[in-house]
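Let's take a quick tour of a protein model. Have the sequence and the 3D view open while you read the notes.

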Amino acid sequence: MRDVTIGQYYPANSLIHRADPRFKLIIMLLYLVMVFFCESFFSFGFLTLFVIITVIMSRVPPLKVLKGLRFVIIIVLITTVLMILFYRDANAQPIAEWKIFRIYLSGIYSSIKLAWRLLLLVIMPTLLTLTSTPTELCDGLESLLFPLKKLHFPVHELALIMSIALRLIPTLIEETDKIMNAQKARGAKFESKNPFKKIKAMLPVLIPLFVSSFRRADDLADAMDSRCYRGAKGRTRMKKMRCHAGDIIALLLWCAIFVCILFLKYNWLGWSFIPLLGI
Amino acid sequence: MSFLEFKNVEYSYPSGDDGYIRALDGVNITIERGEFVALVGCNGSGKSTLARLANGLIVPDAGEVTVDEKTTAEKSNLYDIRKKIGVVFQNPDNQMVTTIVEDDVAFGPENLGLPPAEIRERVDFALSCVGMTEYAKSGPFRLSGGQKQRVAIAGVLAIKPELLVLDEATGMLDPDGRREVMDVVKRLHRDEKRAVIMITHFMEEAAEADRIIILDRGKVVADGGRELFETPEVFERAGLDLPLPVRLSKRLAGAGLDMGCPLDNASFTKAAKRIAEDSAERSVEEKEGFAADTHEQKPKASADDGKDYISVKGLSYVYSPKTPFMSQALHDVDLDIKEGDFLGIIGSTGAGKSTLVSHFNALTRVQKKSGTVIVDGMDLSAKKVDLVKLRSKVGMVFQYPEHQLFDDTVEKDVRFGPKNLGLSQDEQSERAKDAIVRVGLDYDEIKERSPFELSGGQKRRVALAGVIAMRPQVLVLDEPTAGLDPKSKRAIMDLVLSIKDVCPTVVMISHNMDEIAEYCNRIAVMSHGRVKGVFTPRELFGNKRILDECDVRLPLVTELASELNAAGLNVAPDILTEDELFAALVKAVKHA
């Protein structure tokens with residue numbers, strides 16, 4: 001039996017794992033905005049330093065983090081190469097030329113920055129999913145969206161739906177696999193090139209899958225009713241999310257990093273050393 | 001006033017074109033605190049309807065259900081009622097709300113609005129009650145069916161109900177899982193003083209209860225203590241089996257040996273010893289009467305001289321190779337299946353049984369340099385394999401095959417296979433008709449009906465027909481009787497035997513050792529991706545070393561036989577069938 005799990009939680013005992021998921025989500029948001037304010041190589045390097053520190057603190061093997069990034073890395077490589085080849089700078093001389101390709105120094109710089117930015121954008125969310133369980137993230141989101149409850153937005157229901165989906169998607173994937181095998185054993189072919197034929201060929205899989213999904217939904221509803229579920233009303237949680245001093249310090253630290261990056265970009269005080277720090 | 005009362009309860013549910021089906025018809029039952037009740041009846045007797053009425057998931061059409069004098073018809077009572085009555089359902093996969101065991105167990109107490117510390121306490125208590133503490137942080141995918149059901153029980157237990165209703169909670173489990181759940185339930189009743197209603201069609205489980213209620217077509221036909229087993233006719237009339245010791249003692253009574261009514265192996269052994277000693281005193285001279293040796297196995301399709309139909313050599317298989325999730329499912333497996341074999345494959349979950357058989361019709365392809373599989377001369381390790389030809393030779397019936405039904409009529413669904421083989425319209429219809437008749441269904445009555453409105457047993461037959469219509473030479477069955485009541489189980493196995501004339505070779509994966517012992521002529525034992533050996537049933541179940549090494553459970557009959565043997569009776573410990581055991585017992589007792 002294969003192990004189908006959603007998400008890629010890597011169990012370990014680290015400060016990052018134990019951190020309050022709400023703070024992790026807020027810092028994540030802050031971080032993503034921050035990445036777009038990075039402009040010079042110096043600011044990229046500055047931010048990357050903290051990313052590396054966070055990865056080390058998480059005790060997730062760096063190779064594992066990179067594995068989570070492998071598809072992104074491929075895409076980034078392709079775009080970088082294309083961008084270097086096709087970049088046009090009207091104000092500069094190309095440093096190399098071959099047939100229709102002209103390579104500019106500025107082109108190399110900006111494509112490296114683009115690649116760097118993309119990697120930074122992906123690496124922290126990857127780390128987030130590696131260090132928090134889907135349930136924690138759901139709960140964190142529910143708690144953060146709490147103000148919306150005042151606007152009668154069904155925050156609790158939404159979080160519960162997400163949690164049930166996370167629970168059932170792997171089951172349904174496994175079931176799809178089983179039904180496909182059963183129909184293949186009865187000679188069914190799913191490899192048609194014609195999209196209409198393909199959809200028709202999938203019916204013997206989709207129909208049983210729908211039937212079983214409805215059955216599961218009914219069963220689950222019965223099980224929830226039987227366990228006294230009445231919606232968010234009067235419900236408490238076993239795992240109260242508690243923020244520790246560490247969470248607040250981390251948030252303040254990341255705010256400070258944000259301020260530094262803003263300084264590097266806008267140089268409000270007109271410090272003369274900042275322009276020297278890079279392109 | 002009683003704790004739970006059903007007063008003249010009637011309930012019908014809508015069904016197909018016929019309008020309504022009466023599920024319960026004038027049911028009167030009262031349950032007190034602390035009772036341990038088994039509610040038995042065959043499929044369609046209305047017993048699950050009763051479970052859903054008990055905590056107000058459904059409301060009676062007529063009559064009333066009350067819990068501590070509060071009626072389930074009043075919506076505002078339901079919350080209080082459900083705090084007192086917890087229900088565990090049949091399907092272990094459809095009761096878990098979250099991805100982590102302890103969070104799921106916490107779901108109930110969270111709904112009660114308890115403070116976090118108390119929820120934590122209740123969760124820890126409930127998990128330790130069902131023996132799942134060490135799995136508190138794991139997800140559902142690493143758990144076996146029995147473990148999942150124990151988590152479901154813990155989830156209900158954390159609400160601290162006074163009555164626990166188990167609605168066929170063991171129905172989808174293998175024998176080990178059933179035993180795990182039964183042990184937990186018995187302990188809860190004994191140590192935690194919870195009342196239990198155990199809804200089941202396994203009589204061995206019912207025999208553990210203090211009180212038995214028999215339901216037949218929506219009516220209570222018997223309600224009493226264990227002495228009910230002394231009048232077996234009541235059970236038989238309701239279409240139910242009897243526990244093995246009761247069945248045997250009844251037959252022995254027919255042979256003039258009065259054993260009373262022992263409900264379990266221990267008391268049966270005691271009774272057998274007693275009458276053996278009695279008869280030893282009475283008659284010494286009668287000895288010659290029973291000279292004929294009845295210890296003879298019923299002849300099985302012997303396949304020793306058949307040719308190899310499937311031949312597996314050095315087969316290995318790795319899931320997700322070269323990833324962190326890599327796991328080796330098969331290690332260097334050798335296995336020959338001869339024409340006419342009824343081969344059983346046994347082994348614990350994850351032993352590689354399913355992976356092995358899915359190679360037989362190339363649902364799983366042989367990996368490079370990982371051995372060979374040859375089916376009727378076709379080499380499946382070759383680059384190109386004629387899948388249509390192969391799949392018409394090897395028919396595969398998966399667990400719960402009824403879940404693959406999809407078409408709007410039974411006939412069309414059964415034709416699906418023949419159509420994929422590219423046969424003519426006439427041929428398709430002829431094969432569909434033949435297959436439907438072969439599985440024991442009325443062709444004209446059923447062909448235009450939707451497969452989704454059939455009963456569970458009928459659906460499984462239709463699904464089997466869908467495979468038989470491909471006219472395979474080998475039928476591969478994965479737990480063909482899982483989740484059925486004993487009568488339907490036997491019917492399905494008889495059906496498999498009855499098609500041996502057209503499909504001579506059968507491969508069956510099963511956890512049910514009684515079936516394995518009764519039907520197979522050879523048994524392959526698998527463990528951790530390896531075939532530990534291929535044995536005849538008697539070799540396997542008579543060999544303590546192999547049994548222990550491979551962690552194989554004994555069939556019920558063999559278990560009883562070895563207990564009798566250990567008690568000093570002259571009964572061979574490796575007896576495999578009930579008939580054999582009966583004969584051996586008659587001989588042993590009369591000759592003592």
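Buried residues account for 24% of the 279 residues in chain A. Keep in mind that you're looking at a predicted model.

**Layout of the chain**
- Chain A has 10 helices and two strands.
- Along the principal axes, the C-alpha atoms of chain A fill a box of roughly 70 × 55 × 40 Å.

**Contacts along the sequence**
- Take the contacts in chain A between residues at least 6 apart in sequence: 77% of them join residues at least 24 apart.

**One helix pair to look at**
- Two packed helices are described by the angle between their axes and by the distance between those axes.
- Helix H3 (residues 41-58) of chain A packs with helix H10 (residues 245-266) of chain A at an angle of about 170 degrees, and their axes are 10 Å apart.
- Angles over 145 degrees count as roughly antiparallel, so H3(A) is roughly antiparallel to H10(A).
- On the H3(A) side, the contact is made by A:Phe42, A:Ser43, A:Phe46, A:Leu47 and A:Phe50.
- H10(A) brings in A:Ile257, A:Cys260, A:Ile261, A:Leu264 and A:Lys265.
- Sort the residues of this H3(A)–H10(A) contact by type and you get eight nonpolar, one polar and one charged.

Conventions. Residues are numbered from 1 along each chain as its sequence is written. Chains are lettered from A and ligands numbered from 1 in the order in which they are written. This is a predicted model: local features need pLDDT of at least 70, side-chain atom pairs count only at pLDDT 80 or more; totals for chains, interfaces and linings use all residues. Helices (H or I, at least four residues) and strands (E, at least two) are DSSP runs, numbered from the N terminus. A residue is buried if 20 or more other C-beta atoms lie within 10 Å of its own, exposed if 12 or fewer, and partly exposed in between; C-beta atoms are placed from the backbone. Two residues are in contact if their C-beta atoms, placed from the backbone, lie within 7 Å. Axes are lines fitted to C-alpha atoms, for helices over the stretch in contact, and angles run from 0 to 180 degrees between N-to-C directions. Angles under 35 degrees count as roughly parallel, over 145 as roughly antiparallel, 65 to 115 as roughly perpendicular and the rest as oblique. Ala, Val, Leu, Ile, Met, Phe, Trp, Tyr, Cys and Pro count as nonpolar, Asp, Glu, Lys and Arg as charged, and the others, Gly among them, as polar.
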